Amino acid sequence: LRQWLAMRYSVENRLEGAIALSFKPPGCEICRTEFPATYQDSSDPDSEPVPLLTHLPLVQPPFIVLSVPKSVGDDRERPHGERCVFAPNGKSDAELRVGRQRDSELRLNDSSVSRVHARVRFQDGAFTLFDNNARFRTLVLPTGPEPLDSRRREPVSVQAGRTLLSFALLEDDGDFPMASSSRRLDFGSIHETPEMQVPTPEPEEQELQDGDNNGDPMAL
């Protein structure tokens with residue numbers, strides 16, 4: 001099985017000096033079941049797990065794994081999705097580009113994705129996601145509680161349908177009867193956003209619409 005997977009699935013490093021390993025998880029071509037990353041003999045629980053993808057090297061931390069959902073409908077390009085392992089590997093200026101252009105480390109073939117939609121960097125001990133002024137912006141789906149504190153430079157924006165809620169924690173300015181150590185939760189703004197229409201632009205037109213400057217960061 002490992003020999004067949006080595007011939008059928010490849011792992012490509014798309015960064016020089018750093019690590020950006022992009023690969024599609026292997027699976028059965030008959031039943032479409034995704035294979036596990038490692039195999040361990042059930043009769044010997046003390047045995048070491050055997051990796052099935054021999055071309056996937058052992059990556060030293062810090063690293064982050066970005067997962068692209070599996071294809072739906074008639075799109076069969078990613079039957080089990082796609083994984084991208086990004087590690088700076090000691091390179092301070094290493095970054096992972098996410099976008100539609102062909103030389104992006106994580107390429108997304110979608111008309112609503114800009115040529116360079118977002119960038120991921122490792123700085124100050126954490127991986128940070130930067131929106132690249134993309135036309136449809138970069139949204140992050142939270143998986144847990146999001147704390148609010150005075151160290152946050154930007155408010156937290158939450159979209160519910162067409163309504164966008166913006167939350168920020170502000171220092172007490174003395175106008176409210178609070179203790180000196182208290183904080184107040186401020187509803188920065190509440191407004192409706194128009195429904196998103198995803199056009200199918202021509203390549204040249206889309207290139208003119210895409211931004212080239214870094215936008216606001218959001219820590220992952």
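**Entry 1: a leucine in a loop**

I began with leucine 56, which sits in the loop between β4 (50-51) and β5. My strands and helices are DSSP runs, numbered from the N terminus: E of at least two residues for strands, H or I of at least four for helices. Before going on, I noted that this is a predicted model, where local features need pLDDT of at least 70, side-chain atom pairs count only at pLDDT 80 or more, and totals for chains, interfaces and linings use all residues. Residues are numbered from 1 along each chain as its sequence is written, and side-chain values use heavy atoms, with hydrogens and water left out.

I use buried for under 20% relative accessible area, exposed for over 50%, and partly exposed in between (1.4 Å probe, protein chains only).

I then asked which residues leucine 56 touches, leaving out those up to four places away in sequence. I found Val11, Leu21 and Phe23, taking contact as heavy atoms within 4.5 Å. For phenylalanine 23, I also looked up the C-alpha separation from leucine 56: 8.7 Å, for two residues 33 apart along the chain.

**Entry 2: the open sheet**

Next I traced a sheet. Four strands make up an open sheet, ordered β1-β2-β6-β5, with antiparallel pairing. I count two strands as paired if DSSP finds at least two bridges between them. At the edges are β1 (12-13) and β5 (64-68), each of which pairs on one side only.

I zoomed in on β1. Its link to β2 (residues 19-23) consists of two bridges, and these strands run antiparallel. Asparagine 13 has leucine 21 of β2 opposite, and Leu21 is one of the residues that leucine 56 touches.

**Entry 3: salt bridges**

How many salt bridges does the structure hold? I have seven on my list, a salt bridge being a side-chain nitrogen of Lys or Arg within 4 Å of a carboxyl oxygen of Asp or Glu.

One of them is between arginine 83 and glutamate 34, at 3.6 Å from N to O. This pair links distant parts of the chain, 49 residues apart: arginine 83 belongs to strand β6 (residues 82-87), while glutamate 34 is in the loop between β2 and β3 (38-39). Glutamate 34 is partly exposed, at a relative accessible area of 35%.

I turned to glutamate 95 next. Its salt bridge with arginine 119 has the closest N and O atoms 2.4 Å apart. Glutamate 95 lies in strand β7 (residues 95-99) and arginine 119 in strand β9 (residues 118-123), so this pair ties together parts 24 residues apart in sequence. Both glutamate 95 and arginine 119 are buried.

Arginine 121 also meets glutamate 95 in a salt bridge, at 2.9 Å from N to O. Because arginine 121 is in strand β9 and glutamate 95 in strand β7, the pair ties together parts 26 residues apart in sequence. Why does glutamate 95 count as buried? Because its relative accessibility is 18%.

**Entry 4: two cores**

Then I looked at the nonpolar cores, meaning sets of buried Ala, Val, Leu, Ile, Met, Phe, Trp, Tyr and Cys residues joined through side-chain atoms within 4.5 Å. The largest has 16 residues, of which Leu66, Phe86, Leu96, Leu106 and Val120 touch the most other members. Two or more residues come from each of β5, β6, β7, β9 and β10 (126-131), and β5 gives the most, with three.

Not counting residues up to four places away in sequence, leucine 66 touches Glu82, Arg83, Cys84, Leu96, Leu106 and Val120. Another core lies apart from this one and has eleven residues, among them Val11, Ile19, Leu53 and Ala87.

Last, I went through the backbone. The peptide bond from proline 61 to proline 62 is cis, with omega near 5 degrees, and proline 62 lies in the loop between β4 and β5.

Asparagine 89 has a positive phi, near 55 degrees, though it is a residue other than glycine. I placed asparagine 89 in the loop between β6 and β7, and at 52% relative accessibility it counts as exposed.

Arginine 137, also a residue other than glycine, has a positive phi near 60 degrees. Its loop is the one between β10 and β11 (156-160), and arginine 137 is partly exposed, with a relative accessible area of 41%.
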